Amino acid sequence: MFDVFKRDDSGFTKTLSSSFEGSGDGFERITLREDGSSVSVSVNGREVSSLGSSRMGKGSVGIVVVGAGTFKFANYSEGGEERIGTETTASNEREANRDLGPAQRFKDQAVYDVSRKNLPAYHVLVPEGWKLEGKFEHIPAFKELPYFGSIEVKAPDGRSFSFLPFAEFTYTDYAQLGFMQPYEGRPAFRQPSSVGEVIKVLAQSDPEQRISDMRIISEETVPELTQLAQRNASATIQQVQAANQRSGGVGERQSYAVEARKIVVQYTENGKRVESTTFATVSNYSYIDFNGATRIAKWNLNNVASLVGPVGSNFLEDPELAAVARSLRINPDWAYAIDQWYAGRRQIIFKEGMAKAAAASRNWQNTRATQSEDVLDISFNGWKSRNASSDRTQSMSVNSIHERTTYGTPSGGSINLPSYYQNAYTDGQGNYILHNDALYNLNTDPNLNARDWTQIEPVR
């Protein structure tokens, strides 16, 4: 049997309920066809009903399947162009079922700092079937840095989200240094001309050589994120200006600059061609001698966030991938441990001069300040599709993927998720389910009802 529902601002209203004789071959074919302001419903080639509404004829009709069985979607049309024989695959099934598809399951997982007794550093929601990789670790050879590490959450089909919270490098014009050679407590790496080139160099240095044929498609400044980074670094900027005023342009001078960039690259990984859209903040603090040579410079990459997907796919509008990125959150206990580490380093380097001590002590504070929700808000705004849509409903749906809603959890914490999802549940054990099907009850689903699921609500 099947039911036809009308959805409006008040919810769902059943307008038709019907049963039919089976086709005999084990498959039943249900067809919806829009024509102007009406839609016809056919079962196994026979029209059983016709409905009319002023809202029809604008791509607002869809099919939802509930229950056990095998379901396929084919021969759908868009804008009058019929697409024959298009069966759902792993990728386009997500696209076909995006608005009212099956629930998506996530597990709250942690990435640990192995040098600090496996203290959790970050938490992130990982979709069922995806893989979380990453760790944080202090490297003794790089004594001026609290840790090295990054996070990657990856799907079998090549979609992924990666995050590098912090990386710091150094160089000088007075020594020939090898790539990543320890120098004054930091890895040596002369800053390339663009962040895209940084990404290429780091990919080429991977000993496993997983990435090849990388091309920089575009790179541009992100004004709003740059302004945020400059506000957070205002104390450092003022310090440099004051130091240069005191020197009167004679002898050594200091230089500081910070900027946020958006970079699009394409590359081949595991035989698949993928594209990455990355947001990163890059800063440089240099001491320059009277002859123009750089005595010492340290430069940073902060809050490097990337969304990755197969070339030609619509991965930037994938709510599942957005849910991963939005859910990333730092562990306050780990942040406190890093603060304490910097406090200890300040005591050690105090004798080296106040300028160096100030620069070192402020670095983590600046980095943490730009790890606020504002960074991902601005990045997701940049991840939005720039393709104009004539369908206002579709445009609102796409925008909601990139917007943020904060939910309260039963433990008293909170978690950020894309505003796209209308229903969010947790079992209180780190498992989450997100969906948009108003007719779906998790606690009656035999695949899920072995545990109790609690719907979580947005924080008001």
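Visitor: On what basis are the values given?

Guide: This is a predicted model, in which local features need pLDDT of at least 70 and side-chain atom pairs count only at pLDDT 80 or more, while totals for chains, interfaces and linings use all residues. Residues are numbered from 1 along each chain as its sequence is written, and side-chain values use heavy atoms, with hydrogens and water left out.

Visitor: What is the mean pLDDT of the protein, and where is confidence lowest and highest?

Guide: The term pLDDT denotes the predictor's confidence in each residue, from 0 to 100. Its mean over the protein is 79, and 75% of the residues reach 70 or more. Confidence is lowest in helix α1 (residues 90-96), with a mean of 35, and highest in strand β10 (residues 131-137), at 97. Over residues 77-101 the pLDDT is below 50, and this stretch has 43 contacts in the model beyond near neighbours in sequence. Residues 386-397 also have a pLDDT below 50, with six such contacts. A contact here means heavy atoms within 4.5 Å.

Visitor: How many helices and strands are there, and what makes a run of residues count as one?

Guide: The protein has nine helices and 24 strands. Both are DSSP runs numbered from the N terminus: helices are H or I with at least four residues, and strands are E with at least two.

Visitor: What is the distance in the salt bridge between Arg 261 and Glu 259, and how is each partner classed?

Guide: The closest N and O atoms of Arg 261 and Glu 259 are 3.4 Å apart. Arg 261 has 16% relative accessibility and so counts as buried, whereas Glu 259 has 29% and so counts as partly exposed. Elsewhere, salt bridges that share partners join Asp 157, Arg 159, Asp 318 and Glu 320 into one network.

Visitor: What makes Ile 30, Leu 32 and Ile 63 a nonpolar patch?

Guide: Patches are made of residues with over 30% relative accessible area and no salt bridge; like charges are joined within 9 Å, and nonpolar side chains (Val, Leu, Ile, Met, Phe, Trp, Tyr) within 5 Å. Ile 30, in strand β3 (residues 30-35), is partly exposed because its relative accessible area is 36%. Together with Leu 32 and Ile 63, Ile 30 forms a surface patch of about 210 Å² of accessible area. Such areas come from the Shrake-Rupley method with a 1.4 Å probe, and for residues only the protein chains shown count as cover.

Visitor: How do you know that β22 and β23 pair?

Guide: Two strands pair if DSSP finds at least two bridges between them. Four bridges join β22 to strand β23 (residues 431-435), and the two run antiparallel. Asn 423 has His 435 in β23 as its bridge partner. β22 also pairs with strand β24 (residues 454-455) in the antiparallel sense, over two bridges, and Tyr 425 stands opposite Gln 455 there.

Visitor: What makes the phi of Met 180 worth noting?

Guide: Most residues other than glycine have a negative phi. Met 180 has a positive phi near 65° and is found in the loop between β12 (160-171) and β13 (182-183). With a relative accessible area of 25%, Met 180 is therefore partly exposed.

How values were computed
Salt bridge = Lys/Arg side-chain N within 4 Å of Asp/Glu carboxyl O. Buried < 20%, exposed > 50% of the residue type's maximum accessible area, 1.4 Å probe, protein only.
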